[in-house]
Each structure stands twice: as structure tokens, then as C-alpha cells.
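The sequence and the structure are shown first, and the description follows.

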Amino acid sequence: MPNPQFDVQTFVKGILTGRIIGMFATGQGILRQNDNVTPDGFQEVFATNLFGHFLLFRELESLMCRDGKTSQLIWTSSSNAQRSAFSLEDIQHQKGTHPYSSSKYASDLLSLALNKYYNHQGLFSSVTCPGFVMTNLTYRVFPSLPAFFWTLLLPFFWLIRMFTNTFTLTPYNGAESLFWLFKQRPESLDPYSKYHSLTSGLGHRYTEAWKMDIDLTTSEALYEKLLQLESEVKMKQHDQKNMKFT
């Protein structure tokens, strides 16, 4: 999430319309980002959160899809993943201001497509959300403020947790759904659900499955676009290698 910026206008609008708790629970609309471009010409958030992991999976595919073996692939997504931020015509989110939300929604879509194409080979894909976790990424939202400012806000966050269960706050709590998934039979999991790390108002950790706003047609279309990008990357690498020996 490069250069996160707090959207004051959206925040005030959320207060006036009574949507502020929901906005805090998902982060929807509160943060905007100015994306960068990698040396390879890709949008940085897209390459970091989605495409790089997709390429890694493709390289490991033969190890993860073996006869008689079951493999589990888990994507760290976010409750901030919103259909409204994603477009099949702009999967890298070059034209928008919410690349993080777009990339996480794309992760949700990709996980569904992988289940369709790889379940019969013993590979099962799932999606998790750690909730709102306090890390140095959080602190960068207001880079001019000292770190202790966030400590002062903790009582406020604990109060919010009485109204929304997504405020896990600590990395330990945020990892709850990830460890829960490790203990499940991958083939028993719902490919249309995101497994959320949640906490009660008193801080009790638990995992809950929430249906994702995704469809198979869009997920298949994204998968095909990613395969095409992969092909272009490998072609470019092949050409660069040949140039070194000419």
C-alpha cells in the first residue's frame, strides 16, 4: 500500500451518513494510494500483491500438483477488497486511486479460478483476512505523527471493537484464520468464502467464513489475462537472454 493517504472528505461523509462503523470495519473509501510503476513496467501494487505471487505459484505448480498428494494455497486478502475498485479492463488499476482494494479483490477472484482448474489435481486455494492490525503500515497513514500517537488511540480502537469484530489489532490475533485454515482439510473448505480473523469485544479470537462478492465468469477472465501476462513476461525474459549472447 504505497503512499497511503487518509481521505478526510470520505471520512466526514461516513460520519454524516452513519456509515462510519462499517467504513472502519472494512477500510472502504477511507484510504487512497498513489501507485508507482516497477522497472518491468507493471503497477507496483498489482505486481506486489497479485502478479508476483501468481508467477511464483506457476513456477511451483509441478511440486504442488502431484498424484496422490493434497496441497493448500492460502491468499492473504482483505475486507477492503471491493468489486467496485476492480475492472477487468484495467486489472492493474492504472486509472484508479484504490490499487490496494483492486489487488485484493483480484486475489479473491484468482483463488476461485485456481480451485476450478486445479482441484482435480489435488490443489485447493483459500482466502484469509487478518482484520485491522496495528503495524508500521498503519503508522504510515499519518507519517508526520509520532508512533506514540497510535498508542494513545488504542482505547478508541478497543471501544470500536465492541461494535465491529474485525478490529483484531495485533498480528497475533490477525494470524488466527491462517492457523485455523492449516488445521482444516482443504477439500472441505468453501472456495466462495473468505476466512476472517475476528475478535469479540473482550478480545476473544475466532475465525468465521464470509461469502465473497465474486463470480466464476469474472474469475476465469482474470485468470486468462494473468496467463497472457505471464507469457509476455517469459517472452521478454527469453529475448533479453538471447540479446546477451549476440
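## Sheet and packed helices

In this predicted model, four strands form an open sheet in the order E3-E4-E5-E6, and their pairing is mixed. Strand E3 (71-76) and strand E6 (205-211) are the edge strands, each pairing on one side only. On average, neighbouring strands of the sheet are turned by 30° against each other, direction ignored.

Strand E5 (residues 193-199) and E6 run antiparallel and are joined by seven bridges. Within this pair, His196 stands opposite Glu208 in E6.

| Helix | Residues | Lies across | Direction |
|---|---|---|---|
| H3 | 44-64 | E3 and strand E4 (123-129) | about 175° to E3 |
| H4 | 99-118 | E3, E4 and E5 | about 160° to E4 |

How do the two helices stand to each other? Two packed helices are described by the angle between their axes and the distance between the axes. The axes of H3 and H4 come within 8 Å and cross at roughly 20°. Angles under 35 degrees count as roughly parallel, and H3 and H4 are therefore roughly parallel to each other.

On the H3 side, the contact is made by Val45, Asn49, Leu50, Phe54, Phe57, Arg58 and Glu61. H4 contributes Pro99, Tyr100, Ser103, Lys104, Ala106, Ser107, Leu110, Leu114 and Tyr118. Ten residues of this contact between H3 and H4 are nonpolar, three are polar and three are charged.

Notes: Residues numbered from 1 in each chain as written. Predicted model: local features only at pLDDT ≥ 70, side-chain atom pairs only at ≥ 80, totals over all residues. Heavy atoms only, no water. Pairing = 2+ DSSP bridges. Helix = DSSP H or I, 4+ residues; strand = E, 2+ residues; numbered from the N terminus. Axes fitted to C-alpha atoms, helices over the stretch in contact; angles between N-to-C directions. Contact = heavy atoms within 4.5 Å. Parallel < 35°, antiparallel > 145°, perpendicular 65-115°, else oblique. Nonpolar A, V, L, I, M, F, W, Y, C, P; charged D, E, K, R; others polar.
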